[in-house]
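Me: I am new to this structure, and I would like to know what stands behind the words used to describe it. Could you take me through them with care?

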Amino acid sequence: MKSATSTVARVATVVVPAVFLSLFFVFPAATVVATGLGADGIGALGDLAGSSRQRNILWFTVWQAAISTALTVLVAFPAASLVARLPERRRRLVRAMVTVPFVLPTVVVAGAFEGLFQRLGLDSGTIRLRHTVWAILLAHVFFNYAVVVRTVGSFWAGLDSRLEDQARVLGATRWRTFREVTLPRLRPAVWSASAIVFLFSFTSFGIVLILGGPHRATLETEIYRYAVTRTNLTTAAALATVQLVAVSAMVVMTTRLERRRGVVTRSPRRPAGTIPGRWIAANVTVAAVLLAAPIATLLERSLANNGGYGFDHYRALGHRVRQLPAPATTALWNSLVFAVVATAIAVLIGGLASLVVVHGRHGLARIFDLGLTLPLGTSAVTIGFGILIALDQPPVDLRTSWWIIPIAHALVGTAFVVRTMVPVLRSIDPHLREAAAVLGAPPGRVRREIDLPIGLRGLVVGAGFAFAVSLGEFGATSFLPRRPENLTAPIALFRLLSTPGDLLRGQAMALAVVLMVMVASAVLLIESFRGGSEGSL
Amino acid sequence: MKLRLLALVIASTLVAAACGSDDTASIDGTTITVLTHDSFAVSDSVLAEFTAQTGVVVELLSSGDAGTMVSHAIVTSGNPLGDVMFGIDNTFLQRGLDADLFEPYTATGLGTVVPGLDLDPDHRVTPIDFGDVCVNYWVDAAPDFTATTLEDLTNPILADQLVVESPEASSPGLAFLLATIAGTDDWEQYWEDLVANGVSVTSGWEDAYYGEFIAGGGDRSYVVSYASSPAAEVIFADPPVDAAPTRVLLDSCFRQIEFAGIMRGTESPQAAQAFIDFMLTPTFQEDIPGNMFVFPAVVDTVLPPEFVEFAQLSDNPHILDPAEIEANRNEWVDRWVEIVHG
């Protein structure tokens, strides 16, 4: 009986994520690729390969993503170390605060940065940021800072410090201990975070167009241009195929680098390995200014009204303006519901899939690892068109369903859960599991009492990301057909900014501030779920 | 003989009555889906009135902008997402017609529409509203010299004063490019002159209007926006103002007409036809300007007071044939990219 249930559980662990992935990603994306590889598609692919413009775009897409990733890791690494050192409660607060950029609209952040550049005199002259690649890189660091701080910081907090202690006792300097003992063990988390940042930068859309300027193109903006502006669907599908191949190669590479066993056993009282405090302080100050500038601008604009300051724009959120099909408060509620559902799906699918990636059979593990990360690097157009073309017949005519929005959000959220959870699960000392098994614990119990509490650390970090990503998601939601009453907050915000008038702009800013507060408190709440688990081993 | 005639009259009356009631009975209780873009807005009471009149429930389905909506319709052609499309404009119209998206229908109120708006002789689409994309300027900031023609924008007095959106990424950007193609003798030379005069290009309207135009704290006094933007500046002013801070350069306007059409493959053609008719009635037409900041297509529709006072329409807007736009658009845009971005 018991083995029967455990067989069911084992099968479900594989089948549930597999069905989700096949139905909502593989099948739709494959349908788009099939168009790209169809009779005309091969020709279109050939044309792409022969076009120097397209080769340049591919190259630019890759290198800007690579540099963005390197910069983000460099800038955020000291902050991750700080987060690892903080007492649990404050660590949770910082981890929640850094997710705020995820819900900030690109237009607003761009405006705030440009205000900052002007004040610093960087908007013209020899050092010009506006419409340069530097502006893109800076924005990518801004938006992805949280990925490194949260992923690496949380992993770091779980590293056992005894190895470092031994190194120091044996006479190694602090720097050498860090370089040779701590850093190698952090590598899985660093690669994991890098993979996420790379894919985000690889597919970023608004940042490239707004901050980089209209003549800047990446694969993502090209796919949109061909699919929507030109309605040249064959070329769009061919470009989407190129993007999928490039992203797959990238994911295979980083997951290989990530697949190194660090050793984490129990929750240490103090974290392993540290960077000198002064360096951290300087770095974190710079980062704080960078992160705080757009937020301060937003706050100021949301309060400025009628020539003075007040909360009128916040009060106005409850009344429907003509530009919106519903009041902004309804949009906030919808966004909250979508985010909760998307997070629940991402936690379920991502949690199960992570177990398969770490403990499953080799081939299956690889496929899950790749397949569940790919949506992060796939164009919203590919997913959107894929769903429209592929899921158009009963029983799964989802094209106009309410579910299509949380499912699209959950595809990205699942990738986050897998990428944050897998390195944590891998880092569990195999001796610990073996010891438990030798002492007679059945596999289910090993999973429940060892994998689960430690894995939960990664799971809540991933869940926080899934929530933040869903709450702030604009591109895919805007692209998918939906009922106007299902208006989300980012779409309402964009609509408010699409008609002139300070009242509408003020209301948009107030809406953005409410979103920031919502994401920070929700992530705080989600992460409090693991409060007890760290001490339980 | 007389009796037979009477019987015939009675029979035909019955048949007619039966058909008549059958007609309403067949659409009463149906639900239709109207596909639209995110700028679409209509008062709930207006849709409720349509339901009260016909028994047809209207559900809306919106996605992105007009371009997104049309591309969705093309990939789902034959198995459409809805029964009626609203909001395909004259810059995208030919693309929709070429893809055979619509079923012809001559709307009941078509005769009341402003002359020149009904662009499809086969009546596959019906004009519902229109508006102009025009250069706006900030009244107080404009230098002593105020532009009155497109050519004036190339005058060195207005150097570094104009910001436009890219036609590759933005619908007002494309409309302005089309205005220059229709409104200047040599549009390529015109754009070279604009570049020489320091025109700035952004990806979208928000970035131009709120990023570089004076309204959002920028330093440029001319921006490509809408003819209705000055009215919005008054309606949504904070603190309230008596006069619009912006005005429209009437020589720079491109006319955008929005159409509605019945989707080929719909299962409720009659209900869809009833909705197209309804969109040309005063109830719907009078609701348009306050919600969408465009002008109703039907002649003599009552306008909201702010519209009468502050919204301007060009008497001689620039316009191009949809077929000509579709045939040349990619080439024009490519040429524009070469000129502007080198």
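Reply: What follows is a set of questions about terms, each answered from its definition.

Reply: This is a predicted model, in which local features need pLDDT of at least 70 and side-chain atom pairs count only at pLDDT 80 or more, while totals for chains, interfaces and linings use all residues. Residues are numbered from 1 along each chain as its sequence is written, and chains are lettered from A, and ligands numbered from 1, in the order in which they are written.

Me: What makes helix α9 of chain B mostly covered?

Reply: A residue is buried if 20 or more other C-beta atoms, placed from the backbone, lie within 10 Å of its own, exposed if 12 or fewer do, and partly exposed in between. Eight of the 11 residues of α9(B), residues 269-279, are buried, and the helix is therefore called mostly covered. Among the buried ones are B:Ala271, B:Phe275 and B:Met279. The helix itself is a DSSP run (H or I, at least four residues; for strands E, at least two), numbered from the N terminus.

Me: How do you know which residues B:Phe275 touches?

Reply: Two residues are in contact if their C-beta atoms, placed from the backbone, lie within 7 Å. Leaving out residues up to four places away in sequence, B:Phe275 touches B:Ile32, B:Val34, B:Phe50, B:Val56, B:Val58 and B:Val84.

Me: Why is the largest set of 280 residues called a nonpolar core?

Reply: The name applies because such a core is a set of buried Ala, Val, Leu, Ile, Met, Phe, Trp, Tyr and Cys residues joined through C-beta atoms within 7 Å. Those with the most contacts inside the core include A:Val148, B:Val84 and B:Phe275. Its largest share, 17 residues, comes from helix α6 (residues 133-157) of chain A.

Me: How many bridges link β9(B) with strand β4 of chain B, and how many with β5?

Reply: Strand β4 (residues 102-103) pairs with β9(B) in the antiparallel sense over two bridges, and 12 bridges join β5 (residues 125-138) to β9(B), again antiparallel. B:Phe130 has B:Ile257 as its bridge partner in β9(B). Strand β9(B), residues 246-263, is mostly covered, with 17 of its 18 residues buried.

Conventions:
Pairing = 2+ DSSP bridges.
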